[in-house]
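Here are my notes on the model, point by point. Please read them with the structure open.

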Amino acid sequence: MAAHAGDARVLGAMCDAGVLWAALGAVAALVSYRVIYALYFSPLRHIPGPLLARTTRTYLEAAAVCGRLAEHGRQIGERYGDIAVCQPNSVCITDPADIRKVLSSPLCVKGDYYALLRFTGVDNMISMTHSESVSKRRRMLGPFFSTSYVGKMEPLIAQYGSKAIVQRWDALLAQSADGSATVNYGLTFGLCTFNIISRLVYGQEVAALDLTSDSESLRWIHRSNTYLSLRALLQLFPRPVFHAAKWPFDHMYHQIADYIYGSIDARRRLLAALGVDDQRPADLLQALLDCEDAGSRVRLSSEEIHAESLLLMIGGVDPTAFTLIWTVHLLMLYPECYRRAVREVRGALPPGGSAEITYAAARGALPYLEACIQESMRLVPVASVMIPRTVLAPGLTLRGHHLPPGTTVFANMYGSHMSPRYWADPRRFDPARFLEPGSRRAHCVFTFGYGSRICLGKHMAWTNMLTIMATLLRRYDFALPAGYSRTGPAVIDPATGYPKIMPMSQFLSRKPADQDADCRVTISRASTG
Ligand code: HEM
């Protein structure tokens with residue numbers, strides 16, 4: 001008996017070892033296949049790039065999930081040049097001319113990646129990939145993002161943006177004994193852009209106008225945005241992992257969905273009560289209700305309005321707020337740029353008159369301030385640091401390499417913005433580079449994307465950012481708070497030789513890692529001297 005039991009154990013151990021060896025053998029065969037294919041048979045084999053990137057998608061996806069995508073792109077661009085393999089069937093490109101070519105080519109369209117952004121299961125403007133549906137939706141929505149419709153929304157934009165901040169900061173200064181107050185501009189910009197977009201998209205106020213309170217609304221925004229971003233990224237994992245991981249947070253999604261459907265119903269009731277066309281509110285909710293396909297005269301369904309509302313909130317709030325935050329932060333690190341921007345604003349639009357500055361007054365009158373915002377978007381592009389497109393038949397030739405249909409081309413935005421091949425001193429915040437005579441530098445900044453899928457809200461974002469920055473620089477003097485030493489003009493980053501940028505975290509957007517610690521300035525009334 002004992003001998004039999006011993007035999008069974010030996011046999012069992014041999015079987016286990018056999019299974020293990022078989023599994024190891026299968027893995028080795030798979031790895032060898034991938035390496036041999038990548039090196040000898042892949043149509044991308046002549047393009048430079050790391051071996052790991054040629055053999056597994058995980059190489060790039062891990063960088064995205066760990067929030068290192070921007071830096072990863074920069075390193076690939078620096079090490080391997082203008083075109084490099086970054087995934088088995090994918091390349092990334094850094095030359096601005098190539099990026100413009102790809103993002104405006106009808107042969108390069110959005111592919112599978114964009115399904116990650118189908119937040120509600122129904123397509124929205126950004127997740128759409130089918131060319132005809134895209135052109136149709138852009139034709140429907142485009143007029144509501146034009147200069148003239150954004151102009152109609154400007155009173156609301158000012159009410160929840162520059163006016164609200166002035167009201168709050170003036171009140172703080174009035175209470176202060178020494179005429180100065182320290183404010184958290186991260187919180188201020190987060191709340192005011194949320195207030196602007198939510199008023200425009202939901203047709204009602206969500207957060208209080210008190211821009212200093214760390215209100216429940218702000219926590220709700222961050223929780224729901226984080227949840228939606230997380231949900232987008234989790235789709236990179238196998239389905240069971242995706243469902244298990246998102247399940248505990250699903251109630252948050254239902255909360256937002258209920259809120260949006262409630263807003264649509266409330267607006268429909270209001271319209272029925274108004275009955276008169278010219279009294280319709282001018283905002284994005286009305287735009288979503290009114291837009292129709294010129295041919296079929298079909299309008300968006302409630303589900304489509306819901307999907308677009310979520311996209312506009314996620315796409316509109318964080319990128320605008322974070323761009324404002326990075327612009328103020330960079331101006332504080334480069335005092336000569338701050339002083340020049342202030343001189344320009346106060347020279348062109350002297351204090352006095354209305355507290356807030358309109359877009360019509362600021363646009364064109366403040367080239368240096370515009371350049372500061374542009375340069376901030378180059379140095380710290382807040383979203384989509386690698387923009388993917390899929391090549392259609394018959395393929396595309398870039399830098400002498402034929403990319404067959406099905407290849408993914410990533411526009412390596414951050415790699416391009418940081419490349420010394422295209423930018424002198426790329427790590428330095430230098431707004432004046434955009435003012436050089438005949439400069440076409442702005443065409444090499446891809447923070448809003450480029451081509452047929454360029455950001456639909458670009459004009460609205462510029463209206464928000466320029467009016468807020470101009471109003472604040474005209475009315476207040478800014479200084480880093482006394483005793484703050486984590487960053488500043490004299491705190492040099494040894495890696496770049498320039499003032500150290502505050503630590504950032506990147507999920508879908510690149511934002512300050514510790515807003516409470518790093519996004520504070522001391523404000524006082526604008527000095528006239
Ligand atoms: C500084 C602020 C903003 C930045 C940096 C930004 C950035 C971008 C980028 C890079 C894309 C293109 C993504 C791609 O091609 O893969 C995009 C698309 C889009 N953005 Fe923005 N955005 C900003 C503000 C806004 C605002 C305020 C809105 C509207 C309220 C908005 C609505 C959209 C929409 C609807 C699309 C999809 C367009 C399409 O796919 O055809 N964005 N944005």
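1. I start with the ligand surroundings. The residues of the shell around the ligand divide into 14 nonpolar, eight polar and two charged. Here Ala, Val, Leu, Ile, Met, Phe, Trp, Tyr, Cys and Pro count as nonpolar, Asp, Glu, Lys and Arg as charged, and the others, Gly among them, as polar. This is a predicted model: local features need pLDDT of at least 70, side-chain atom pairs count only at pLDDT 80 or more, and totals for chains, interfaces and linings use all residues. Residues are numbered from 1 along each chain as its sequence is written.

2. Who lines the ligand? In all, 24 residues surround the ligand, and the closest are Gly316, Pro319, Gly449, Cys455 and Gly457. A residue is near a molecule or strand if its C-beta atom, placed from the backbone, lies within 6 Å of it. Helices α14 (302–333) and α19 (458–475) each supply at least two residues of the shell. α14 gives the most, with seven residues. Helices (H or I, at least four residues) and strands (E, at least two) are DSSP runs, numbered from the N terminus.

3. Now the core. The largest nonpolar core has 126 residues, and those with the most contacts inside it are Val91, Ala411, Met469 and Ala470. α14 brings the largest share of this core, 18 residues. Such a core is a set of buried Ala, Val, Leu, Ile, Met, Phe, Trp, Tyr and Cys residues joined through C-beta atoms within 7 Å. A residue is buried if 20 or more other C-beta atoms lie within 10 Å of its own, exposed if 12 or fewer, and partly exposed in between, with C-beta atoms placed from the backbone.

4. What does Ala411 touch? Leaving out residues up to four places away in sequence, Ala411 touches Ile93, Ile99, Val102, Leu103, Met386, Ile387 and Phe446. Contact means C-beta atoms, placed from the backbone, within 7 Å.

5. Next, the five-stranded sheet. It is open, has the order β1-β2-β8-β5-β3, and its pairing is mixed. β1 (83–87) and β3 stand at the edges with a single partner strand each, so one side of each lacks a neighbour in the sheet. Two strands pair if DSSP finds at least two bridges between them. Helix α4 (residues 69–80) packs on the sheet, touching β1, β2 (90–93), β5 and β8, and its direction makes about 135° with that of β1. Axes are lines fitted to C-alpha atoms, for helices over the stretch in contact, and angles run from 0 to 180 degrees between N-to-C directions.

6. Look at β5 (residues 386–391). Six of its six residues are buried, so β5 is largely enclosed by the rest of the structure. Met386, Pro388 and Thr390 cover one side, and Ile387, Arg389 and Val391 the other. β5 and β8 (residues 408–412) pair in the antiparallel sense over five bridges. Met386 stands opposite Asn412.

7. A second open sheet has three strands in the order β4-β12-β9, with antiparallel pairing. Its neighbouring strands are turned by 35° against each other on average, direction ignored. Val183 has Val521 in β12 as its bridge partner. Helix α8 (residues 162–175) lies across β4, β9 and β12, at about 140° to β4.

8. Last, is Asp425 buried or exposed? Asp425 is exposed, with 12 other C-beta atoms within 10 Å. Its place is in the loop between α18 (413–417) and α19.

Key. Two residues are in contact if their C-beta atoms, placed from the backbone, lie within 7 Å.
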